[in-house]
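I opened the model today to look up a few things and write them down in order. These are my entries.

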Amino acid sequence: MKPPQDLLSEAIKARKHAYAPYSGFKVGAALRGSVGGIFSGCNVENASFGLTICAERTTVCTAVAAGIRTFTQMLIVADSDTPCPPCGACRQFLFEFAPNLELWVANLSGETKFYRLCDLLPEAFGPDFIPMPAPKKPS
Ligand code: THU
């Protein structure tokens with residue numbers, strides 16, 4: 001399936017802002033909200049390596065901070081030999097907001113691959129497993 005060109009160009013643009021001085025591996029991502037609108041992000045590394053945030057998660061946080069919580073499509077781009085799929089932590093993070101997400105991964109040579117998030121994270125743990133407290137009655 002052909003990747004959405006608007007997501008591709010936004011992800012490539014965002015990748016240029018990646019802060020990856022330790023790995024040198026820059027990643028960009030773009031996410032489409034269910035009601036339209038595109039949000040983008042890049043990976044942000046840290047001298048305390050474990051604090052690094054992947055491009056997919058910065059992108060979701062940008063969208064949520066803008067008040068958007070449901071998404072239809074994401075595209076991730078990196079300069080890898082073959083398009084690289086999201087890490088396990090990002091799969092889980094994405095599942096919270098977009099269990100039916102359509103996902104394209106791309107490299108800078110123009111190769112792309114399509115996935116559905118539900119296939120990348122089968123039998124997923126998600127919000128439905130958490131019992132919600134009864135809403136408080138107004139006093
Ligand atoms: N990275 C991402 O941004 N997304 C992924 O799905 C895989 C890994 C980043 C994290 C780190 O900054 C660098 O790539 C190397 O792992």
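**Entry 1: strand 4.** I began with a bridge partner. Ala78 is paired with Asn107, which sits in strand 4. This is a predicted model, so I keep that in mind throughout. I then looked up how strands 3 and 4 are joined. They run parallel, with six bridges between them.

Next I asked which way the residues of strand 4 point. Glu102, Trp104 and Ala106 face one way. Leu103, Val105 and Asn107 face the other way. Both sets are buried. Six of the six residues of strand 4 are buried, so the rest of the structure largely encloses this strand.

**Entry 2: the cores.** I looked up the largest nonpolar core. It has 22 residues. Those that touch the most other members are Leu31, Phe71, Met74, Ile76, Leu94, Leu101 and Leu103. Strand 3 gives the most, with four residues.

I picked Phe71 and listed its contacts, leaving aside neighbours within four places in sequence. Phe71 is in contact with Leu31, Arg32, Gly33, Ser34, Ala63, Phe97, Ala98 and Leu101. I also noted a second, separate core of eight residues. Leu8, Ala11, Trp104 and Ala106 are among them. For background, I wrote down that nonpolar side chains tend to be buried together in soluble globular proteins.

**Entry 3: helix 2.** Which residues of helix 2 are buried? I found Ala55, Glu56, Arg57, Thr58, Thr59, Val60 and Ala63. The buried residues of this helix pack against strand 1, strand 2 (38-42), strand 3 and helix 3. Just after helix 2 comes Gly67, with a positive phi of about 95 degrees.

**Entry 4: the ligand.** I listed the residues around the ligand. They are Ser23, Phe25, Val27, Asn43, Glu45, Thr52, Cys54, Ala55, Glu56, Pro86 and Cys87. Then I looked up distances to ligand oxygen atoms. A side-chain N or O atom of Glu45 is 2.5 Å from an oxygen atom of the ligand. For Glu56, a polar side-chain atom lies 2.6 Å from a ligand oxygen. Ala55 uses its backbone: an N or O atom there lies 2.9 Å from an oxygen atom of the ligand. How much of the ligand does the protein cover? On its own the ligand has 370 Å² of accessible area, and the protein covers 79% of that.

**Entry 5: Asn43 and Val44.** Asn43 is in the loop between strand 2 and helix 2. Val44 has its place in the loop between strand 2 and helix 2. Buried or exposed? I checked Asn43: its relative accessible area is 5%, so it counts as buried. Val44 is at 35% relative accessibility and therefore counts as partly exposed.

Asn43 touches Ala18, Tyr19, Ala20, Phe25, Lys26, Val27, Ile53, Cys54 and Ala55. Its side chain also reaches the backbone nitrogen of Val27 at 2.9 Å. Val44 touches Tyr19, Thr52, Ile53 and Thr58.

Last, I took one C-alpha distance. Val44 and Leu108 are 64 residues apart along the chain, and their C-alpha atoms are separated by 19 Å.

Note on methods: Residues numbered from 1 in each chain as written. Predicted model: local features only at pLDDT ≥ 70, side-chain atom pairs only at ≥ 80, totals over all residues. Heavy atoms only, no water. Core = buried A, V, L, I, M, F, W, Y, C linked by side-chain atoms within 4.5 Å. Buried < 20%, exposed > 50% of the residue type's maximum accessible area, 1.4 Å probe, protein only. Helix = DSSP H or I, 4+ residues; strand = E, 2+ residues; numbered from the N terminus. Contact = heavy atoms within 4.5 Å. Near = heavy atom within 4 Å. Polar contact = N/O pair within 3.5 Å; in protein donor to acceptor, adjacent residues only side chain to side chain. Areas by Shrake-Rupley, 256 points an atom, 1.4 Å probe, with all protein chains shown as cover. Pairing = 2+ DSSP bridges.
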